[in-house]
Amino acid sequence: MVQLLSLGERAVKLALKWGATEAEAYLSRTVQNYLSFHEKIESGKASQLTGIGVRAVVDKKIGFASSSSAESKGIENAAKTAVSIAKASQADPDWPSFPKRKGRAKAVGTFDKRTAEIETDTLVRKAVEIIDFVLDRDSRLAPARGSLTTGTVTCAIVNSHGSELSKSGTYAAFSIRVKAEDAGKKGTSDEGWQARSWREIEFEKLTEDASQRAIKMLDASPIPNTKASVIFASDLFAQILNVMFTRTINAEAVQKGRSPWIGKIGQQIAHGNFDVVDDGTMKSGFMSWGFDDEGVPQQLTPVIQKGVLKSYLYDTYTGAKDKIASTGNATRRGMGMFGLANPYTRTPTPAPTNFVLKPGDAERDEMIEETQEGLYVVTSIGEWLSNPMSGMLNATVTNAFLVKNGELSNPVKGVIVSGSFFDMIRNTIDLIADDTRNAANFYSPSVRVREMSIAGR
Amino acid sequence: MEDVLAKLVDEARRLGASYSEARFQEIATSAITVENGLLKTCESDSLRGIGVRVLLGGSWGYCSSSDLELSQLRKIVRRAIKIARSSRKRSLGAKVGTRRTIRDKARVQTRIEPHQVPPEEKIRIGIEANKAAMISDTIKNATTRLGTFTDRRLFVSSEGSNIEVQSSMAGLQQLSVAASAGKMERVSDGESQCAGFEFIQEKDWTKFCREMSELATKAVDAHMPAPGTFEVIADPDLIGLILHEAFGHASEGDLVTTKESVLQGKLEAALAGPDVTIYDQGMIEGGYFVPYDDEGTPKSQTTIVENGTLKGYLQSRQTAMEMHKEPTGNARAMSFDNHPIVRQTNYYMKPRDYSLEELAEDIENGYYIKGRGAGGGQVDVGGGTFTFAVGPSFLIEKGEIGEMVRGTTVSGMVLETLGTIDAVGKDLKISTSAFGGCGKGGQMARVGHGGPHVRIGKITLGGQA
């Protein structure tokens with residue numbers, strides 16, 4: 001960590017020496033263990049990746065360059081290239097400066113020592129347990145595909161305004177697909193979990209859930225076109241929140257004209273039972289950190305309160321443009337332009353930290369009991385293809401059950417559930433459960449939508 | 001660097017590996033983003049590292065590092081060996097067979113190396129294209145991305161093979177957002193080619209970006225299609241995506257040997273009409289450049305479906321051994337910090353003889369679904385359900401292509417959809433993208449796909465009644 005900081009200091013010094021008026025270095029080091037398996041161990045992998053990304057500013061002209069080489073030559077190249085790009089670039093009249101606000105918020109549960117120390121042999125032992133669990137449970141079942149991941153990310157941020165920060169966090173993830181086969185019929189079911197620490201993951205429960213459901217899915221089929229109530233399972237709805245808000249609730253999208261939430265601050269955009277916060281410091285939150293990816297303390301930001309849109313998510317640049325402080329949402333996550341996912345290859349943009357839909361008071365089972373006719377959707381594919389601009393939500397169902405008179409009945413797959421997400425949050429989500437789960441950094445309970453289109457046979 | 005890789009491979013053998021390979025990769029990228037007439041970012045990334053894969057007692061071990069000091073690299077060999085040893089608890093029993101030694105170099109031919117073009121030139125082209133997309137007040141956002149990359153990979157194996165592959169790409173992507181009467185719509189598409197910067201210089205991007213905004217402007221006022229199952233014509237931009245999702249993934253050998261895929265056990269089965277022939281091919285005009293895969297296997301043309309009959313699967317060395325087939329050159333890794341897994345390369349359908357008008361003629365009530373502005377797809381290979389997004393499309397009524405409808409989501413069943421293809425067009429277009437690719441097991445791979453216009457008897461559209 002000390003080493004990353006001193007490398008960062010060197011990069012900033014060099015950039016200033018070569019003509020930058022301001023400079024920032026972001027360094028990250030990711031150490032990861034990964035194991036994939038089916039009935040056998042398929043492949044184990046250990047990787048470590050270090051890199052630096054340098055932002056250089058020359059008279060409000062900005063350049064960025066990154067390098068995976070954290071030796072002195074790589075640092076030099078990144079700094080030099082960033083400065084030369086900045087010089088060739090065009091001035092951005094809105095450029096404020098790199099953050100001058102320092103310090104960190106208190107974020108607990110972001111680093112777990114045990115998780116950081118896990119090596120592949122632990123993953124192998126766990127995989128064997130899971131494989132045996134599925135195979136012993138029912139002769140029709142087998143693990144079709146599973147993976148176990150643990151990792152540690154360390155990063156350092158140094159800027160020419162005296163910022164010098166570093167942080168370290170752990171993560172652990174588990175995914176399992178169980179297949180069932182019986183008399184020529186096939187069924188599959190997926191479960192997964194992502195957390196900050198290995199011990200948070202309930203391996204056996206998740207494997208059991210997937211196993212039970214795979215057997216039920218043996219008889220799954222599409223249903224005819226219809227309209228019905230739809231209950232979305234918690235982690236699926238968390239994923240839908242991700243699709244519908246990540247690209248549009250950030251201030252950049254709003255300022256640049258690519259968000260349906262433009263001009264909606266203070267307006268009722270959702271039903272009064274709909275409360276959303278972006279909680280950058282929640283305990284053990286998947287994206288909880290003391291500070292964001294440009295060194296601003298993370299915080300709790302109310303986004304929707306009683307259905308009223310309260311705030312967009314800001315980094316320093318977009319905040320300055322709206323004359324407000326950053327909400328600590330600068331991130332370098334996600335896939336870059338060429339599929340490079342390493343944070344140091346990205347420039348910061350505002351995005352959710354832990355995006356949390358407040359749970360309601362219904363139990364999920366009650367929600368099903370109170371449904372006369374509907375579809376309980378547990379997993380889908382392609383929901384991420386939905387359109388956050390038009391609000392059109394489409395999810396192709398892979399694991400679902402018909403609900404008849406308050407009880408789960410026939411298994412369903414291969415239908416498309418469609419509707420306007422904007423209408424859903426305004427009018428048609430009539431029940432919110434209390435069973436919050438996360439899909440990465442999105443947290444949601446299960447919800448019931450009064451009526452949606454179901455395209456089937 | 002070859003010497004270093006050879007040392008690592010030897011070290012692995014000395015430590016007990018029956019087979020080992022080392023890969024060095026070096027990527028250089030440049031990219032600019034222009035939004036609403038203003039330069040947003042201009043950047044350059046360079047990434048390099050080494051990965052070592054060992055086979056020991058039928059188990060694989062993989063370890064990689066971006067730190068290229070020899071002492072560090074010896075550590076990754078030991079780590080890979082350790083991983084393979086501990087994985088023997090449930091050994092895969094993997095075998096790779098034997099093969100002749102290959103020594104070769106292959107590269108994408110370029111006339112203008114991207115890194116020789118000054119950033120000013122890239123910025124000028126990007127801004128000009130972006131401004132052309134701002135056609136009216138209806139367009140609320142225009143974002144243009146211009147990018148180039150060079151990806152050099154060196155492969156050395158314990159069998160003595162030594163292969164260098166260098167691919168280069170250039171491309172431009174346009175996103176246009178239109179707003180009208182309180183509604184918004186986004187349309188995005190790009191064009192890329194395995195080439196140098198000449199591909200950017202020689203094309204009229206202002207026209208391309210303007211067209212994208214015109215499409216967004218029309219789409220925002222269009223109706224949603226009605227939900228349900230319909231007869232459709234898919235255009236060449238879309239048919240590739242359909243094949244990739246509806247069939248390509250299910251034909252990947254690693255999903256077949258584990259019996260996960262619904263295509264397992266279906267070799268020689270008639271799964272489609274006699275007009276349907278599908279290939280996976282490493283090098284083809286318009287597609288991505290895969291002369292060798294990341295196990296050093298030459299990639300040529302693999303026949304997956306011939307005249308409606310399933311003829312083969314995509315194979316790595318290991319899955320080929322398990323199925324008693326030949327490797328097909330489909331073991332690909334996203335980057336040096338990933339092990340190769342079975343992936344598609346350029347997956348496409350062979351053209352036949354129908355024109356678009358002839359395909360539409362017999363459709364009473366259906367859709368002409370288009371790929372431009374689509375956004376990818378996904379498949380559940382075990383359950384057999386696939387889905388993908390389509391761009392702004394058109395209604396077909398009584399054989400005539402009619403009014404535009406908004407883009408939506410479409411889905412079908414792997415084993416059914418291909419069987420309902422009853423007519424195949426005579427055109428052929430294959431495309432790829434510099435900006436993204438296909439995801440599997442956490443790895444992104446660049447792929448190409450395409451085909452002719454194709455009539456599909458039954459596909460389900462999501463929509464609004």
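So, how many Å separate the centres of domain 1 of chain A and domain 2 of chain A, taken over C-alpha atoms? It's 22 Å.

Quick housekeeping: this is a predicted model, where local features need pLDDT of at least 70, side-chain atom pairs count only at pLDDT 80 or more, and totals for chains, interfaces and linings use all residues. Residues are numbered from 1 along each chain as its sequence is written, and chains are lettered from A, with ligands numbered from 1, in the order in which they are written.

Okay, the domains. In chain A, domain 1 runs 2–216 and domain 2 runs 223–457; those bounds come from an automatic or database domain assignment.

Now the interface. On the domain 1 side, 36 residues are in contact with 32 residues of domain 2 of chain A, contact being C-beta atoms, placed from the backbone, within 7 Å. Strand 2 of chain A gives the largest share of that domain 1 side, five residues. Helices and strands here are DSSP runs, numbered from the N terminus: H or I with at least four residues for helices, E with at least two for strands.

Next, a sheet. Six strands of chain A make an open, mixed sheet, ordered 10-9-8-13-20-19; strands pair if DSSP finds at least two bridges between them. Strand 10 (308–309) and strand 19 (437–439) of chain A each have a single partner strand, so one side of each has no neighbour in the sheet.

Inside that order, strand 8 (276–279) and strand 9 (300–305) of chain A pair antiparallel over four bridges. There, V277(A) sits opposite P302(A) of strand 9.

How values were computed: Contact = placed C-beta atoms within 7 Å.
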